[in-house]
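Hi,

Here is the structure I said I would pass on. Have a look at it first, and my notes follow below.

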Amino acid sequence: MNRLHHWLCRSARWRKTIEQRVPWVPSGSNLGQDVLELGPGPGITTDLVRLSAPRLTAIELDPELADSLRARLHGSNVEVVTGDATSMPFPDGQFSGGVSFTMLHHVPSPELQDKLLREVRRVIQPGGAFVGSDSLQSLYMRLIHIGDTLVPIDPDRFGARLEGAGFEVIEIEKKADVFRFHARKPDARS
Ligand SMILES: C[S@@+](CC[C@H](N)C(=O)[O-])C[C@H]1O[C@@H](n2cnc3c(N)ncnc32)[C@H](O)[C@@H]1O
């Protein structure tokens, strides 16, 4: 992420946004006991998700962000793993559910984004929920991503992409500047 982004992701304004988004995104889903978070960054989302997850594993690509979050949450119910969510070091079906907040557009191509979706499907259990949100395309988004990765997600096509990765789509909901999704890995027999 660029320096502006690093600052924004720790700002009081972003914290306020996240305080509304973290309850909104998983509403109607059951993430279970052993939850995976993709791209926690400085961990404002992690701080809230961990309150309702008995056990949370967060995978973060940026080693500095991962180290600092790991140190801050040492001894808590969170394990922070430095790694790439497009190729995860976890066995099949390790997690009961997965969450992703404002990270998909940082994955540098649609192909890698689709690979990430397939990886999430692999590491969550049959019947497990995958929920998340991402920002919609806007001038503001383009400005804050100057010098940074921005591969926006089109919410109108995202359902088909989730299905292509093997999920069932429960819901995709758009608001002014953000969308959320709720998908589910089919049961083993379906
Ligand atoms: C905009 S931040 C969002 C942070 C946090 N989820 C939030 O909503 O405040 C996106 C984060 O995703 C991380 N990220 C990007 N690509 C990733 C990947 N392939 N695997 C894991 N983390 C990734 C970035 O390093 C960054 O910390």
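Let's start with the ligand: the space it takes is the largest pocket. A pocket here is an open set of points on a 1 Å grid over the protein atoms alone, with protein on both sides within 12 Å along at least five of seven lines, and a molecule sits in one if more than half of its atoms lie within 2 Å of its grid points.

A word on the source: this is a predicted model, where local features need pLDDT of at least 70, side-chain atom pairs count only at pLDDT 80 or more, and totals for chains, interfaces and linings use all residues. Residues are numbered from 1 along each chain as its sequence is written, and side-chain values use heavy atoms, with hydrogens and water left out.

Around the ligand there are 20 residues, and the closest are Trp14, Gly39, Glu60, Asp84 and Phe101 (near means a heavy atom within 4 Å). By class, that shell has 11 nonpolar, 6 polar and 3 charged residues, with Gly counted as polar.

Now the polar contacts (pairs of N or O atoms within 3.5 Å). The side chain of glutamate 60 has an N or O atom 2.5 Å from a ligand oxygen. On the backbone side, a polar atom of phenylalanine 101 is 2.8 Å from a ligand nitrogen, and an N or O atom of leucine 61 lies 3.2 Å from a nitrogen of the ligand. The protein covers 96% of the 600 Å² of accessible area that the ligand has on its own (Shrake-Rupley, 1.4 Å probe).

Cheers

Notes
A polar contact is a pair of N or O atoms within 3.5 Å; within protein, one must be able to donate a hydrogen and the other to accept it, and residues adjacent in sequence count only if both atoms are side-chain atoms. On a 1 Å grid over the protein atoms alone, a cavity is a set of points where a 1.4 Å probe fits but cannot get out, and a pocket is an open set with protein on both sides within 12 Å along at least five of seven lines; lining residues have an atom within 4 Å of a point.
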